[in-house]
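Welcome, and please open the model in your viewer. We will go from one selection to the next.

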Amino acid sequence: MSRISNDQVKHVANLARLAITEEEAEKFTKQLDAIITFAEQLNELDTENVEPTYHVLDMKNVLREDIPQKGLPREEVLKNAPEHQDGQIKVPNIMGKED
Amino acid sequence: MSLFDYKVSDLHELLHKKELKVTDLVEESYKRIGQVEDKVQAFLTLDEEQARQSAKLLDEKLAADSQKGLLFGMPIGVKDNIVTKGLRTTCASKILENFDPIYDATVVQKLQQAETVIIGKLNMDEFAMGSSNENSAFKKTRNPWDLNRVPGGSSGGSAASVAAGEVLFSLGSDTGGSIRQPASFCGVVGMKPTYGRVSRFGLVAFASSLDQIGPITRTVEDNAFLLQAISGLDPMDSTSANVDVPNFAAALTGDVKGLKIAVPKEYLGEGVGEAARQSVLAALKVLEGLGAVWEEVSLPHSKYALAAYYLLSSSEASANLARFDGVRYGYRTPDAESLIDLYKKTRAEGFGDEVKRRIMLGTFALSSGYYDAYYKKAQQVRTLIKRDFEDVLAKYDVIVGPTAPTPAFKIGENIEDPLTMYANDILTIPLNLAGLPGISVPCGLDGGLPLGLQIIGKYFDEATIYRAAHAFEQATDFHKQKPEL
């Protein structure tokens with residue numbers, strides 16, 4: 001039984017904001033299915049009552065003094081923006097139709 | 001004879017005796033790049049004008065002030081996922097093809113404080129995802145030992161440039177083996193420090209709980225010097241550790257008498273090539289001859305590391321790479337009808353296949369209904385893997401095994417099948433999951449291709465790793481072998 005279907009791959013691509021073609025969807029379905037099948041070997045292990053490790057070092061809530069600092073200069077920040085106007089980053093119509 | 005056949009300490013002395021100028025070192029770098037870069041293809045961007053200017057300035061400084069730091073004037077290459085202000089930084093991705101960073105990574109600031117000279121930015125697998133440099137959007141770096149073979153990855157440019165003598169040393173980054181595996185393939189020394197030892201501020205994030213920056217060098221001593229310069233707590237990286245940075249070079253005593261070495265049977269078993277196995281057994285004999293003792297141990301969950309790693313690193317990557325959306329920086333698709341359309345097309349056109357594959361795997365593993373089965377499960381397995389290491393390192397000083405199952409493979413050999421490619425990292429991945437430090441040092445040649453010995457240590461005990469690696473290096477000639485180009 002396959003672990004991930006063509007429709008699921010398209011759904012995931014949409015969640016990840018990646019446009020994919022039919023051909024790509026087919027290729028990725030095959031490859032992701034193989035990888036997920038491989039990953040399911042983890043089910044051989046009993047992990048009940050095992051705490052997950054999200055972070056390897058024993059540190060929590062690293063805090064610092066809240067001292068206001070100057071932000072980056074606007075012209076520097078805009079330097080890498082693909083499109084900008086009047087000191088602001090420009091994007092296409094936000095209310096446009098979504099597929 | 002190249003200037004880069006000398007160690008840092010020798011060059012430092014020559015500079016101070018006025019027998020050598022920083023300009024000479026920088027010219028050596030660009031001369032060699034001129035000779036071999038056509039073949040090796042290690043660099044994405046060269047910073048010639050700036051580097052020559054810095055060299056001149058440093059020579060003036062040296063003339064005015066007689067005593068300079070150890071790394072003063074040394075030419076270095078930097079992996080292209082470490083941001084350098086005003087010097088193009090691409091992560092070998094089309095999506096950042098023209099990205100001009102507006103700040104320096106902490107490690108780059110530290111290189112500047114140490115007065116090194118940055119020669120250029122080094123090729124890699126796109127966003128550090130890969131083991132061969134074949135995933136670079138711009139070029140395929142070649143292995144200097146055999147130009148038909150890969151240099152390893154993802155820090156392939158970092159390792160190849162050092163092996164080819166284009167720079168004295170370089171910085172790479174290691175998420176699942178990306179410093180150690182290319183170091184092994186190219187016959188150089190590569191250290192992945194303890195998670196938190198080196199600031200990640202300015203390292204373009206792949207998997208934030210696994211990524212570490214580290215040095216790639218010709219010798220263990222140079223490696224210790226370079227790690228010294230880049231280590232330490234950084235207020236800009238809240239995961240950098242508040243621990244002392246010892247004098248690593250002080251550990252290079254050559255004395256490994258009584259050193260307790262653990263050799264996991266899983267690291268010499270199935271999936272590991274005969275040449276790699278034999279070279280490790282020979283290395284253990286050398287270390288034994290120096291007074292170290294070794295025993296076979298077991299890291300029973302090793303075989304699950306690869307699966308856990310791909311779920312976790314891809315999950316983290318799917319979140320980290322969400323920032324590349326064509327809005328604030330980087331590539332933007334020329335024809336978008338709406339904002340959503342802009343995101344989707346930009347990312348589809350800007351990312352390569354491997355990056356897309358991992359973003360999708362990570363998005364899947366984190367998505368509703370699958371989170372517990374894949375992501376959380378993998379984090380629990382991570383705990384088991386970490387415990388394996390902790391149990392062994394409670395009784396032993398270091399763990400030793402091969403760095404990679406085989407020497408460098410041919411370009412194109414593994415590119416079609418992601419899982420075969422991933423299997424290259426079975427010996428390096430477990431330690432990233434645990435956050436432990438590990439080094440690869442040259443330990444032999446197989447059919448003219450380098451092999452690497454991996455030495456893993458306790459948390460923040462890079463010093464003992466260096467001591468063992470240095471003693472081994474000094475007792476052997478492997479580090480003196482160089483590729484003919």
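**A walk through chain B**

Start by selecting Ile76(B), which stands opposite Ile118(B) in strand β3 of chain B, residues 117–122. Before moving on, note that this is a predicted model, where local features need pLDDT of at least 70 and side-chain atom pairs count only at pLDDT 80 or more, while totals for chains, interfaces and linings use all residues. Residues are numbered from 1 along each chain as its sequence is written, chains are lettered from A and ligands numbered from 1 in the order in which they are written, and side-chain values use heavy atoms, leaving out hydrogens and water.

Now widen the selection to strand β2(B), residues 75–79. Strands here are DSSP runs of E with at least two residues, helices are runs of H or I with at least four, and both are numbered from the N terminus. β2(B) runs parallel to β3(B) over 5 bridges, and 3 bridges join β2(B) in parallel to β4(B), residues 169–174; two strands pair if DSSP finds at least two bridges between them.

Is β2(B) enclosed or open? Its 5 of 5 residues are buried, so the strand is largely enclosed by the rest of the structure. Buried means under 20% relative accessible area, with a 1.4 Å probe and protein chains only. Pro75(B), Gly77(B) and Lys79(B) lie on one side, with Ile76(B) and Val78(B) on the other.

Finally, select helix α5(B), residues 156–163, where 8 of 8 residues are buried. Just after α5(B), click Gly165(B), which has a positive phi of about 75 degrees.

Methods: Buried < 20%, exposed > 50% of the residue type's maximum accessible area, 1.4 Å probe, protein only.
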